[in-house]
Amino acid sequence: MTRSVWLKADDSVGDWEARKRRITAGLEAGVDWVLVDEADVGRVRDLGDVSVAAFRNDVDVHVMDAEGGDPPVEADAYFVGKESEGDGTVDLPGDFSGSADLTTLRRTDGRAQGAYVRILSKEYERLAEEAAREADHTIVVGEDWTIIPLENLIARIGEETELVAGVTSAEEAKTAFETLEQGSDGVLLDSDDPDEIRKTCEVRDAAEREHLDLQWAEVTTVERTGMADRVCVDTGSLMEHDEGMLVGSMSRGLFFVHAETAESPYVASRPFRVNAGAVHAYVRAPDGGTRYLAELQSGDDVQIVDSEGNTREAIVGRCKIEKRPMFRVQARLETADGEDRIETLLQNAETIKVHTRDGRKAVTDLEPGDEVLVYYEDTARHFGEAVEESIIEK
């Protein structure tokens, strides 16, 4: 599931300067959406590249401006619910067939794609459920967040709409993303604090990350193989001491190769780099697929993993392919079907390190009997995608 952070920046926040400060902080933190009043859509577009949602007003916006110029800038999504039934300004009708908000959502001209509902009572929970049947996005905000019926809404409408929970802090966002294990699709943050906005985006990123079950494999062979075209993957992110990438000659078994974060007597550290192996090898991608190292280029996404199996994404800045002497590293591990052997080619250099039971170890010091960290997935792949077929790799 892709999570999203929405930032509330309508006139309830304050004047335009106050709203602008909040929006700018959100852009710098990496929010996905900004929710504003319809009149501010163009202003937000001028500030930066972000998806813009806007509360619909009662005026038909499909008109030319006062000077006969271009029509107003359009939002990516329009919402009903402000100063109407959704926020309690207008009383709920006894029969939802008479609801103005729901009527607008049901219009065939696409006047509104989203609903905003404050959960003031059980009836407003019902309104949110009805709105979710029509809306692409449904924002629900509780008066007391600790008793918001988010579990009910996730269970009942989670598959019908993008469900966005109103929050005021990163801690509340974390709870929203974890509710009923599935969690809300997004959160609408109402905060001016740049640190809280940044932390909420970090919570979103953490909620999206895959966790991998890494295991130990025993090295059986380390041998010189001669020259090959080796790929260094340089990312646009700095990696930590326990981070690297998963690479290997066989898609079912990938070796954990550390980033070049350690200082060496011969070269300076390169904490943005993984010396990943030969051009034919696979590297694991953020979507769970694999890519050939030879295919990677600037702008591609690649998966970074740490020694505990926690993952994140990074953007490839460049790939360096050069002829270098190589080692063939082979290892064996226990699987559900018995024993399997996996291998890869790594450059013959002391700066390339794998993760062993004793910590980081240079491939030049690796010996049979050492245990190295690997990711094993007993599945075939076709163009990097897992498939149900028999493929022999050797």
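Analyst: A closed barrel of eight strands runs in the order 1-2-3-4-5-6-7-8, with parallel pairing; strands (E, at least two residues) and helices (H or I, at least four residues) are DSSP runs numbered from the N terminus, and two strands pair if DSSP finds at least two bridges between them. This is a predicted model, in which local features need pLDDT of at least 70 and side-chain atom pairs count only at pLDDT 80 or more, while totals for chains, interfaces and linings use all residues. Residues are numbered from 1 along each chain as its sequence is written, and side-chain values use heavy atoms, with hydrogens and water left out.

User: How many bridges join strand 1 to strand 8?

Analyst: Strands of a sheet pair through backbone hydrogen bonds, either parallel or antiparallel. Here four bridges join strand 1 (residues 4-8) to strand 8 (residues 186-189), which run parallel, and Leu7 stands opposite Leu189.

User: Which residues of helix 5 are buried?

Analyst: Buried means under 20% relative accessible area, exposed over 50%, and partly exposed in between (1.4 Å probe, protein chains only). In helix 5, the buried residues are Leu150, Leu153, Ile154 and Ile157. Seen down the helix 5 axis, they fall within an arc of 105°, so they line one face of the helix; the arc is that of the directions from the helix axis to the C-beta atoms.

User: What covers the buried residues of helix 5?

Analyst: The cover includes strand 5, helix 4 (122-132), strand 6, strand 7 and helix 6 (170-178), with contact meaning heavy atoms within 4.5 Å.
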